[in-house]
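Q: Please take a close look at one part of this structure, the cluster of aromatic rings. Walk me through its members and their surroundings.

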Amino acid sequence: MMILSQDGKKIVSTDNLNYIEFEEKENNYKSYTYTISANFTKEQTLLGKYKTYERAKEILEDMYKKLKAENFSFTYEMPKE
C-alpha cells in the first residue's frame, strides 16, 4: 500500500512499515496538535496533522478500515483538516 501525506509532498510505502502512530503534541498551554506518523526501523515520517483529537482518531480509524478491506493494494490519501 502507498500513503500520500497530507501536504502531498511524500508518498510512503508500507512495505517496511513497523507501525502507524497517533500522537498528541502540546504546542503551549492547552493548545495541542494531533499527528499521524509512519514509523520505520530507522525513521519516522509525518503523514498528517490535525487540530482535534476526534479528527485524528477518525482518520486513523478510516485508514485501518481501508487497510483491512483492501488488503494493502491501494493508495491512501491523507485527508485535510
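A: Start with Tyr32. Its relative accessible area is 33%, and Tyr32 is therefore partly exposed. This is a predicted model, and the values here are computed from it.

Tyr34 is the partner to look at next. Tyr32 and Tyr34 form an aromatic pair. Their ring centres are 6.4 Å apart. The planes stand at 35 degrees to each other, and the pair is tilted. Tyr34 has a relative accessible area of 9%. Tyr34 counts as buried because that value is under 20%.

Now widen the view. Ring pairs join Tyr32 and Tyr34 with Phe22 and Tyr53 in a cluster. The structure holds 4 aromatic pairs. One of them is formed by Phe22 and Tyr53. That pair is tilted too, with 5.4 Å from centre to centre and 45 degrees between the planes. It links distant parts of the chain. Phe22 sits in strand E3, residues 19-28. Tyr53 belongs to helix H1, residues 53-70.

Lys57 has a relative accessible area of 36%, so it is partly exposed. Ser13 lies 44 residues from Lys57 along the chain. Their C-alpha atoms are separated by 21 Å.

To recap, the cluster takes in Phe22, Tyr32, Tyr34 and Tyr53. Tyr34 is its buried member at 9%, while Tyr32 is partly exposed at 33%.

How values were computed. Residues numbered from 1 in each chain as written. Predicted model: local features only at pLDDT ≥ 70, side-chain atom pairs only at ≥ 80, totals over all residues. Heavy atoms only, no water. Phe/Tyr/Trp six-rings, centres within 6.5 Å; stacked < 30°, edge-to-face > 60°. Helix = DSSP H or I, 4+ residues; strand = E, 2+ residues; numbered from the N terminus. Buried < 20%, exposed > 50% of the residue type's maximum accessible area, 1.4 Å probe, protein only.
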